[in-house]
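Hello,

Here is the structure I promised to send over. My notes on what turned up in it follow below.

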Amino acid sequence: MYDDICYLRQAHLFQRFGLSGLDTDISRDDDHYLSSKLKEIGFPTWNKPATAPCHNLMPATQRRVMQYPPGTGAVLALFPSGHQLIPLYVSTATIMFGFALLGIFYASAPCLTLIAGGVGCLAVYLMVNPAKASYSMAPTMAVCALAGFLTARLFGRSQQKGKTLLTVLLGFVLGLSVDFRLPNLFLSSAYFLFFLVSFLSCRKMKVFLRGVLFIFSLLVGMAPTLIANMVNAGSPLKTTYSGNDLARPDFALSVTSQYLADLQFALLAFVGASIIFHLCRGRTDGIRRVALIVTANLLVNLAFFMSHPIFTPYYTVPVAMLSLWSLLFNWLMEPAGAVDGGILEQAVKA
C-alpha cells in the first residue's frame with residue numbers, strides 16, 4: 001500500500017544523485033523526502049527510519065534498502081518532480097496505442113483490422129485497471145507490447161536475414177523488463193527453452209550462438225538490477241526483497257481461487273482460447289512455433305504465480321499481454337495470401 005511513495009523516493013534519488021541513485025540506503029534520506037511523504041499520509045512512525053515501509057535490512061551489508069529494482073524509479077525520474085504519475089501512464093499508454101496502429105497497418109483484411117484494434121483497446125483499458133495498482137506495471141505493459149512484436153518477427157518467419165539482430169533486441173527488451181519487476185524474469189523462460197531444445201535437436205553452432213547472444217543481451221538489459229543488487233544487497237544474485245516474497249512455492253487453494261474470481265481469469269482464458277485457435281489453424285511453422293513458445297511461457301508463469309503466497313490483481317497481466325501481442329503480430333505478419341485464403345475458405349464452408 002506504500003508502493004507509490006517508495007517508487008517516488010526511488011525517482012527522487014535518481015534526480016538527486018544521478019546513477020548513484022541505485023544506492024537506496026535509508027541513510028540517504030538526509031533531506032527527509034521519504035519521512036515527509038510518510039508524515040503526509042499519517043504513517044505512525046514516519047520519523048523512525050527502521051520502520052520505513054518497502055525497505056528491508058540486508059544481512060550482508062547491514063543496510064536498510066529499498067526492495068524494488070531500479071527501473072520504475074528511473075523512468076519516473078524522467079519527469080519533473082510532482083508531475084510524474086500522469087506523464088508515466090500517458091506515455092506508456094501512447095506506446096501501446098502506437099503498437100495497435102502498427103497492427104492495423106499490418107492487417108491485410110477487415111477482420112484483422114478489428115482484431116488489432118480490439119487488442120489495442122484491451123491493452124489501453126488494462127492501463128486503467130488493474131495496471132494503475134502498481135507504477136511498475138506501466139512500463140512493463142509497454143515493454144510487453146514491444147517484446148510481443150519482436151517475438152513474432154523473430155520466430156514467426158522462416159527467413160534468416162536479421163535474426164541475429166532480432167535475437168539481441170528481444171533478449172535486451174526482456175532483460176529490461178526485469179528492471180521494472182523482478183517476476184518479469186519469468187517472461188523469458190520459454191525463450192530459454194526454445195533455444196535449448198533447438199540446439200539439442202539440431203546441434204548446429206549458429207543456433208547455439210543465437211542462444212548465447214540471447215542470454216548475453218538479457219543480462220545486459222538486467223544490468224541495472226544486477227548492479228543495484230550488488231550495491232544494496234552485497235551481491236548481484238541476492239534480492240532486496242524479504243518476507244512472503246521469498247516464501248517457498250506452495251500451491252494453495254486460497255490463492256488459486258482468488259485468481260479464478262478475478263478479471264485475470266477472463267484475460268487468461270482469452271489467451272488460452274487464442275493459443276488453441278492458432279495451434280488449430282496454423283498453416284505455417286512460424287504460427288505454430290510462436291503459439292508453442294507462448295504456451296510454454298504462460299504455463300511457467302502461471303506455475304510461479306499460482307504457487308506464490310501473495311495475490312494481486314495484476315501479477316499475471318504481463319505474461320497475458322506478452323502472449324496476446326505475440327499471437328496478434330504473428331497472425332498479422334502471415335503472408336497476405338495465406339490469411340485471405342483462410343478467410344475465403346471459412347466463408348465458403350459457412
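Is Cys202 buried, partly exposed or exposed? Cys202 counts as partly exposed, because its relative accessibility is 30%; buried means under 20% relative accessible area and exposed over 50%, with partly exposed in between (1.4 Å probe, protein chains only).

Before the rest, a word on how to read this. This is a predicted model, so local features need pLDDT of at least 70 and side-chain atom pairs count only at pLDDT 80 or more, while totals for chains, interfaces and linings use all residues. Residues are numbered from 1 along each chain as its sequence is written, and side-chain values use heavy atoms, with hydrogens and water left out.

Cysteines

A search of the whole structure finds one disulfide, meaning a pair of cysteine sulfur atoms within 2.5 Å. Its partners are Cys6 and Cys54, with sulfur atoms 2.4 Å apart. The link of Cys6 and Cys54 is right-handed, at 85° about the S-S bond. It joins distant parts of the chain: Cys6 lies in helix 1 and Cys54 in the loop between helix 2 and strand 1, 48 residues apart. (Helices are DSSP runs of H or I with at least four residues, strands are runs of E with at least two, and both are numbered from the N terminus.) Cys6 is buried at 0% relative accessibility, and Cys54 is buried at 12%.

Cys144 is buried too, at 2% relative accessibility. Its closest cysteine sulfur is in Cys121, 18 Å away, so the two are too far apart for a bond.

Around helix 2

Helix 2 covers residues 33-40, and Tyr33, Leu34, Ser35 and Leu38 are buried in it. What covers these buried residues includes helix 1 (3-17) and strand 1 (55-58). Just after helix 2, Gly42 has a positive phi of about 80°.

Cores

A nonpolar core here is a set of buried Ala, Val, Leu, Ile, Met, Phe, Trp, Tyr and Cys residues joined through side-chain atoms within 4.5 Å. The largest one has 82 residues, and Phe155, Leu170, Leu174, Met321 and Trp325 have the most contacts inside it. A second, separate core has six residues, among them Ile5, Ile26, Leu34 and Ala52.

Leu170 is in contact (heavy atoms within 4.5 Å) with residues including Ala147, Leu150, Phe155, Tyr191 and Phe214, leaving aside its neighbours within four places in sequence.

Rings

There are 26 aromatic pairs in the whole structure. Rings of Phe, Tyr and Trp (its six-membered ring) pair if their centres lie within 6.5 Å; planes under 30 degrees apart count as stacked, over 60 as edge-to-face and the rest as tilted. Tyr2 and Phe43 are edge-to-face, because their planes are at 90°, with ring centres 5.3 Å apart. This pair links the segment before helix 1, which holds Tyr2, to the loop between helix 2 and strand 1, which holds Phe43, 41 residues apart. Tyr2 is partly exposed at 21% relative accessibility, whereas Phe43 is buried at 11%. Elsewhere, ring pairs join Phe99, Phe105, Tyr106, Phe149, Trp325 and Phe329 into a cluster.

Two charged ends also sit over rings: Arg28 over Phe17, 3.9 Å from the ring centre, and Arg203 over Phe199, 6.0 Å from the ring centre. The test is NZ of Lys or CZ of Arg within 6 Å of the ring centre and within 35 degrees of the ring normal.

Best wishes
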